[in-house]
Amino acid sequence: MAMPEGHMNLPVVDLSLPEHEAARTLRAGCLEHGFFYVSGHGVPAEVIDNHFKASAEMFANLSMEDKQTLKGVDAQGYQTLDLNNCRLKADDDAAANQDQLIT
């Protein structure tokens, strides 16, 4: 899988592995880091690389005012880091976290 330049050392969830193995890595990524990479999904590396490049170029060249106007269908749009905080608990209590996962 093509990683973006300067990527963090995050877990990689390999969807080509047996489901229980991928699920174990996914869970660890969510609880320990809050983020993860996904491989084994069939999306060509060139497509992924192009998306990372386009995203970096777009956000490097847009003003804060322009970034804040970006919003997709049923999405919150661009948020600064101080606003983008899901505040999930790192425990096994899925019910306690469920309301935080739905926006």
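This report describes the fold, surface, confidence and selected residues of a predicted protein model.

**Overall architecture**

The protein contains four helices and two strands. Read from the N terminus, these elements follow the order β-α-β-α-α-α. Of the 103 residues in the protein, 13% are buried. The accessible surface amounts to about 8300 Å², and carbon and sulfur atoms contribute 54% of that area. Among contacts with a separation of 6 or more, 50% join residues 24 or more positions apart.

**Helix 1 and the residue after it**

Helix 1 spans residues 19-33 and has 15 residues. The distance from its first C-alpha to its last is 20 Å, close to the 21 Å expected at 1.5 Å a residue. Just after helix 1, G34 adopts a positive phi of about 85°.

N9 lies in the segment before strand 1, which covers residues 12-14. S39, by contrast, belongs to strand 2, formed by residues 37-39.

| Pair | Separation in sequence | C-alpha to C-alpha distance |
|---|---|---|
| N9 and F36 | 27 residues | 9.1 Å |
| S39 and D14 | 25 residues | 4.7 Å |

The S39 and D14 pair concerns strand 2, where S39 is found, and strand 1, whose range of 12-14 includes D14.

**Confidence of the prediction**

The mean pLDDT of the protein is 76, and 60% of the residues score at least 70. Which elements have the lowest and the highest mean pLDDT? Helix 4, residues 94-101, has the lowest mean at 48, whereas strand 1 has the highest at 95. Over residues 97-103, pLDDT stays under 50. For that stretch, the model has eight contacts beyond four places in sequence. Where pLDDT is low, predicted coordinates should not be read in detail.

Definitions and conventions. Residues are numbered from 1 along each chain as its sequence is written. This is a predicted model: local features need pLDDT of at least 70, side-chain atom pairs count only at pLDDT 80 or more; totals for chains, interfaces and linings use all residues. Side-chain values use heavy atoms; hydrogens and water are left out. Buried means under 20% relative accessible area, exposed over 50%, partly exposed in between (1.4 Å probe, protein chains only). Contact means heavy atoms within 4.5 Å. Accessible areas come from the Shrake-Rupley method with a 1.4 Å probe; for residues, only the protein chains shown count as cover. The expected span of a helix is 1.5 Å times one less than its number of residues. pLDDT is the predictor's confidence in each residue, from 0 to 100.
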